[in-house]
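Subject: Structure handover

Hi,

Here is the structure I promised to pass on. Please open it first, then read my notes below.

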Amino acid sequence: MAQIIDASLLARIDNVQRAYTHALERRNMEGWLATFNNPGTYELTTQEHVKHNLPVGMMLDDCYERLQDRCTYVNEVWNHAVEHYQPRYQIYRNFCEMQNDGTIHADTNFTVFYTGPDGHSHLLVVGHYHDNIIEVDGELRFSSRKAILDTAVPPRYLIYPV
Amino acid sequence: MNSPISPLSPVDLQNWSDHTRVPFSVYTDPDIYRLELERIFYGPFWQPVALVCEIPEIGDYKTFFIGETPLIVTHTGENEFHTMVNACSHRGVELTNEFLGKANDFTCPYHGWVFDNKGECHVTPGEERFRADFKKSDFGLTQLRTTVWSQVVWATFDPATPSMEEFLGDAAPALRNALGGGERPLKLLGYQKIVFNCNWKIYMDNDGYHAGLLHTAFRLLDFQGGQGIQISGGTGGHWGIDYGTKPYEDNGYLNDASVVETRNNELTATVNLIRPLCQSVKHLNSINFRFARPLGPGKTEVHYTYLGFVDDDDDIAEHRIRQSANLLGPSGFVSIEDSAVFERVQKAITAPHNTVNFVKGLAESPDGKRCMQNDEAGSTPWWNDYKQRMGL
Ligand code: FES
Ligand SMILES: [Fe+2]
């Protein structure tokens with residue numbers, strides 16, 4: 001394991017992080033899916049779950065099929081019924097390490113604000129990502145992304161992944 | 001009971017006559033909310049404060065709330081639990097802020113008084129200069145009556161609360177079935193905690209009864225739940241529906257249909273509303289007990305608590321985890337519309353001279369005690385009781 005200092009590799013890692021948040025900010029679920037490798041996994045949980053070793057958190061897409069189904073949930077199943085909000089992300093890279101097997105382990109902080117249909121803006125959640133990133137066909141993608149919220153109780157129901 | 005109505009109360013409240021037509025102001029008025037804390041949350045209702053599996057070992061504790069009162073729930077002996085107010089008996093300081101923890105005693109961070117996990121006071125530094133009649137034994141933590149029923153720890157402030165059997169009445173069997181029959185030891189799998197931006201009664205009015213109506217996912221899957229009967233019972237208008245499900249036949253809509261798969265032929269399915277503020281759902285292989293508390297008149301915090309069984313084999317244990325995380329929570333595949341409806345009702349109920357109307361099912365069931373799964377009549381025993389209890 002070695003801390004990554006190569007500026008061009010760090011820029012490529014930042015790019016996949018930004019592709020992810022930018023897709024969510026545009027409610028572009030296909031764009032969100034495209035940042036994952038197949039096979040790939042996504043999990044949304046909280047610090048409280050990590051502390052008490054509890055497996056059921058907020059969302060668990062532990063196979064690529066579930067990542068695809070999450071796009072269906074947002075685009076089709078829920079679209080007419082929910083009150084959509086505009087999420088806005090601030091992310092900050094903590095560290096990136098090259099693993100012995102050539103994959104990248106990254107830890108990134110996030111803060112997500114949201115604006116509801118009434119035009120009022122609030123803090124949605126705060127936390128950090130634990131990612132494993134791999135290079136496939138010259139592109140970096142998440143092989144696993146775990147979003148760990150400090151926020152144990154979000155102030156409204158979440159529609160989109162974080 | 002004395003009426004809380006004064007000439008300053010909203011006109012709708014002054015004129016409320018029909019308990020099946022609830023004035024909007026009942027959901028929004030701050031004076032009503034204060035009175036609900038007194039007469040309902042601190043009144044003759046057993047309220048769930050923990051599951052045994054959240055604090056499975058002696059010495060474990062959990063913090064939670066009834067109404068706005070912070071509590072510590074402790075596991076103190078073989079099938080013995082205590083519930084006490086999480087406020088130092090000296091000057092009122094919160095004793096612990098851990099959600100789940102382990103401790104044999106609690107030391108107050110202010111002047112160092114020490115309480116054991118049954119709430120007895122043992123150490124009071126500087127006592128030689130306290131008032132002459134000071135006795136530690138007079139300064140235990142405020143205790144709530146506490147009982148265990150179906151692996152749930154219940155507590156109440158009111159000495160007049162009837163036994164659990166009388167309290168739940170005919171609503172007991174469906175709740176017991178939701179929790180695996182009450183004997184098979186449950187296991188804690190995790191939580192989904194959320195704030196709904198709605199009054200606590202909107203949360204209770206608008207869930208459970210409408211499964212086949214509101215939820216688009218069931219339609220897209222061609223998968224409707226069974227037809228159950230809402231059975232109302234006990235004191236305060238609890239209800240339960242024990243409806244059972246058929247296994248899902250995959251119509252190809254999902255790439256991973258395991259989220260709606262029923263394994264081990266576990267077809268028990270029940271929905272339960274326990275007054276004033278608790279729900280429990282067993283659907284497919286997901287077992288869900290929901291603790292909740294009001295955060296003022298306009299917000300409700302809900303802790304969806306997911307459960308399995310200690311004796312689950314690896315396959316079903318993993319399946320419950322995978323299903324629970326995505327199926328029936330505040331952001332669940334089939335249930336997110338609930339969250340949306342709660343908040344959309346709240347936004348609109350500020351209008352004067354308007355009522356929330358319970359109509360469906362009253363033709364066949366005027367008292368609402370037995371009605372169909374999707375009927376609104378099942379909520380009316382609660383509203384009848386509420387209206388009288390509140391003196392409205
Ligand atoms: S307030 Fe707790 S010891 Fe004084
Ligand atoms: Fe529902």
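B:Trp16 is buried, and B:Trp383 is buried as well. Keep in mind that this is a predicted model.

Start with that tryptophan pair. The ring centres of B:Trp16 and B:Trp383 are 6.3 Å apart. Their planes meet at 70°, so the pair is edge-to-face. The two residues are 367 apart in the chain, and the pair links distant parts of it. B:Trp16 is in the loop between helix 1 (11-14) and strand 1 (21-23) of chain B. B:Trp383 belongs to helix 10 (residues 380-389) of chain B.

Both tryptophans also belong to one aromatic cluster.

Next, look at B:Tyr203 and B:Phe342. This aromatic pair is edge-to-face too, with 5.4 Å from centre to centre and 75° between the planes. B:Tyr203 lies in helix 5 (residues 200-205) of chain B, and B:Phe342 in helix 9 (residues 336-348) of chain B. The pair therefore ties together parts that are 139 residues apart in sequence. Buried or exposed, B:Tyr203 and B:Phe342? Both are buried. Over all chains, the structure holds 40 aromatic pairs.

Two lysines sit over rings. B:Lys62 lies over the face of B:Phe291, 3.7 Å from the ring centre. B:Lys193 has its charged end over the ring of B:Tyr191, at 5.3 Å from the centre.

Now the totals. 37 residues of chain A contact 40 residues of chain B. About 3300 Å² is buried between the two chains, and carbon and sulfur atoms give 56% of that area. A:Val56, A:Arg66 and A:Tyr157 supply 20% of what chain A buries against chain B. That is more than any other three residues.

Best wishes

Key. Residues numbered from 1 in each chain as written. Chains lettered and ligands numbered in written order. Predicted model: local features only at pLDDT ≥ 70, side-chain atom pairs only at ≥ 80, totals over all residues. Heavy atoms only, no water. Phe/Tyr/Trp six-rings, centres within 6.5 Å; stacked < 30°, edge-to-face > 60°. Helix = DSSP H or I, 4+ residues; strand = E, 2+ residues; numbered from the N terminus. Buried < 20%, exposed > 50% of the residue type's maximum accessible area, 1.4 Å probe, protein only. Lys NZ or Arg CZ within 6 Å of the ring centre and 35° of its normal. Contact = heavy atoms within 4.5 Å. Buried area = accessible area lost by both parts, 1.4 Å probe.
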